[in-house]
Amino acid sequence: MKKIAIIGFGASSIISLYNLLKQAKSSEFSIDVFAKDDSCGYAYETNNCNHLLNVRAINISGVLDDDYDFLNYLKSNNYNFGEQDFVERRIFKEYLKDLRLRSFDIASYKNISLSLFYRNIEEISYQDNKFFIGDIKQGYDFVFLCISAKFRDNNFFNIDISKYILKPQIHIKGAGLTAFDAIISLQDLNYAGTIFLHSRSKRIPQPHNARISNSLNPIISISDAQLPLSKLFKKFVSGCRNSDNWQERFDSIRPITNDIWNQFTLEKKKRFMRHLFRIYNIHRHRSPLSVYNKIVNVLQNNRVVITNEIIKDHDFIDCTGFDFNYKDQLIDRLIANNIVKKNDLEMGVDSSKENFFIIGALNSGTLLETTAINEIKCQVRYFLKKLFS
Ligand SMILES: Cc1cc2nc3c(=O)[nH]c(=O)nc-3n(C[C@H](O)[C@H](O)[C@H](O)COP(=O)(O)OP(=O)(O)OC[C@H]3O[C@@H](n4cnc5c(N)ncnc54)[C@H](O)[C@@H]3O)c2cc1C
């Protein structure tokens with residue numbers, strides 16, 4: 001019987017576990033999950049009903065080949081949302097917890113040993129084709145590493161925002177979707193001062209306007225990856241502009257974005273990161289219209305001011321995303337034990353071992369799109385194919 005370890009118990013881990021168990025035969029595996037706490041990850045731990053998913057309900061099921069699983073969950077729990085709605089993230093957390101419970105049910109029904117240990121894993125080593133976790137004597141045949149990347153200590157998700165409430169001014173670094181979350185949280189606390197958003201481009205994410213459509217042909221093809229970056233960009237932009245709905249055209253490349261990325265040389269990837277990544281993100285990571293309108297409203301009232309002034313001495317809230325230079329004990333040990341290595345862009349890590357599967361944000365750089373539920377599902381599908389082959 002093969003032994004599997006899953007590290008982390010957020011969305012990547014839950015989606016891996018549930019879909020693995022669905023495909024597994026009776027008694028085929030023994031699975032141990034190690035999580036440092038009971039959290040479902042930063043994204044979904046919010047209790048604020050105005051923090052919404054940025055993906056429509058039909059597009060965020062956690063189950064492979066069943067787009068309706070989340071919608072069915074909503075229906076059976078008396079939530080009144082349709083396919084096109086942007087649901088509260090706290091409800092998605094409940095759904096993830098439900099998938100956890102359903103995983104234990106399947107394991108029990110299929111007679112598969114499934115155990116959960118609350119432990120902060122700091123060491124994984126490798127010997128004789130087995131992975132050894134911490135001081136556990138028995139080795140594992142496969143590991144799913146689902147621990148995400150880390151945020152800075154003063155990131156919005158790591159701080160108590162209420163401690164800022166008496167300040168006449170609040171400075172936020174970044175103007176993306178996390179900054180939107182921060183503004184909404186401050187407003188809900190009736191913050192009366194001025195919020196400064198510091199952003200080099202002085203631009204905020206765009207609102208969602210795309211209908212769900214899987215049938216559009218991508219406006220660029222994988223072979224276009226060979227074009228010089230400027231030509232590729234022009235082709236992409238004109239494809240978006242020559243349409244009555246640029247968002248739909250933008251999204252048409254989503255199924256092949258990582259294939260295009262894989263065709264880029266390292267130099268091209270670096271140039272994309274330097275010159276185009278920000279502008280790509282503003283258009284790619286869009287906000288539900290209701291949230292966008294709230295932000296536009298506070299910008300118009302000058303309650304929020306957007307500036308390209310560089311933050312120097314202010315006590316600021318960081319809303320800039322992952323910190324890939326963050327010192328992580330487990331990653332350092334994995335590198336030292338030759339199980340993973342830093343990827344070429346020095347963002348995430350690549351696995352050096354066949355049976356060591358990395359899912360989610362740690363693939364940043366190796367993949368351009370890696371953190372959203374749909375990309376996590378693609379990775380899970382790929383690794384399950386390897387596991388069951
Ligand atoms: C604010 C926000 C909103 C988002 N909204 C959306 C959205 O609307 N739609 C969408 O598709 N995607 C969204 N995303 C992307 C989101 O990151 C992923 O959907 C998902 O949360 C990633 O899950 P994960 O399991 O990889 O990481 P996480 O959810 O961060 O889980 C990591 C897990 O690993 C555990 N862990 C970490 N280190 C260790 C260790 N050393 N030992 C043991 N356990 C450890 C943690 O405790 C946690 O359980 C959003 C992201 C953010 C930040």
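**Exercise 1. Determine how helix 1 and helix 11 pack, and which residues make the contact.**

Solution. Step 1: In this predicted model, helix 1 and helix 11 (residues 373-388) pack with their axes 10 Å apart and at an angle of about 40°. Helices (H or I, at least four residues) and strands (E, at least two) are DSSP runs, numbered from the N terminus. Axes are lines fitted to C-alpha atoms, for helices over the stretch in contact, and angles run from 0 to 180 degrees between N-to-C directions.

Step 2: The angle makes helix 1 oblique to helix 11. Angles under 35 degrees count as roughly parallel, over 145 as roughly antiparallel, 65 to 115 as roughly perpendicular and the rest as oblique.

Step 3: The crossing of helix 1 with helix 11 is right-handed. A crossing is left-handed if the near helix is turned anticlockwise from the far one by less than a right angle, and right-handed if clockwise.

Step 4: Helix 1 contributes Ala-11, Ser-12, Ile-15, Ser-16, Asn-19, Leu-20 and Gln-23 to the contact, and helix 11 contributes Ile-373, Ile-376, Lys-377, Val-380, Leu-384 and Phe-388. Two residues are in contact if their C-beta atoms, placed from the backbone, lie within 7 Å.

Step 5: By class, this contact of helix 1 with helix 11 has eight nonpolar, four polar and one charged residues. Ala, Val, Leu, Ile, Met, Phe, Trp, Tyr, Cys and Pro count as nonpolar, Asp, Glu, Lys and Arg as charged, and the others, Gly among them, as polar.

Residues are numbered from 1 along each chain as its sequence is written. In the predicted model, local features need pLDDT of at least 70, side-chain atom pairs count only at pLDDT 80 or more, and totals for chains, interfaces and linings use all residues.

**Exercise 2. Describe the packing of helix 1 with helix 3.**

Solution. Step 1: The axes of helix 1 and helix 3 (residues 89-109) lie 9 Å apart, at an angle of about 30°. Helix 1 and helix 3 are therefore roughly parallel to each other.

Step 2: Helix 1 passes helix 3 in a left-handed crossing. Among the residues in contact are Ile-14 and Leu-17 of helix 1 and Leu-96 and Ile-106 of helix 3. The contact of helix 1 with helix 3 divides into nine nonpolar, one polar and three charged residues.

**Exercise 3. Describe how helix 4 and helix 9 are arranged.**

Solution. Step 1: The axes of helix 4 (residues 177-188) and helix 9 (residues 289-300) cross at roughly 70° and come within 11 Å. The two helices, helix 4 and helix 9, are therefore roughly perpendicular to each other.

Step 2: In helix 4, Phe-180, Ile-183 and Ile-184 meet Val-291, Lys-294, Ile-295 and Val-298 of helix 9. This contact of helix 4 with helix 9 divides into six nonpolar, no polar and one charged residues.

**Exercise 4. State which residues and elements surround the ligand.**

Solution. Step 1: The ligand is surrounded by 31 residues, the closest being Gly-8, Gly-10, Gly-41, Ser-148 and Gly-360. A residue is near a molecule or strand if its C-beta atom, placed from the backbone, lies within 6 Å of it.

Step 2: Helix 1 (11-23) and strand 2 (29-35) each supply at least two residues of this shell. Helix 1 gives the most, with three residues.
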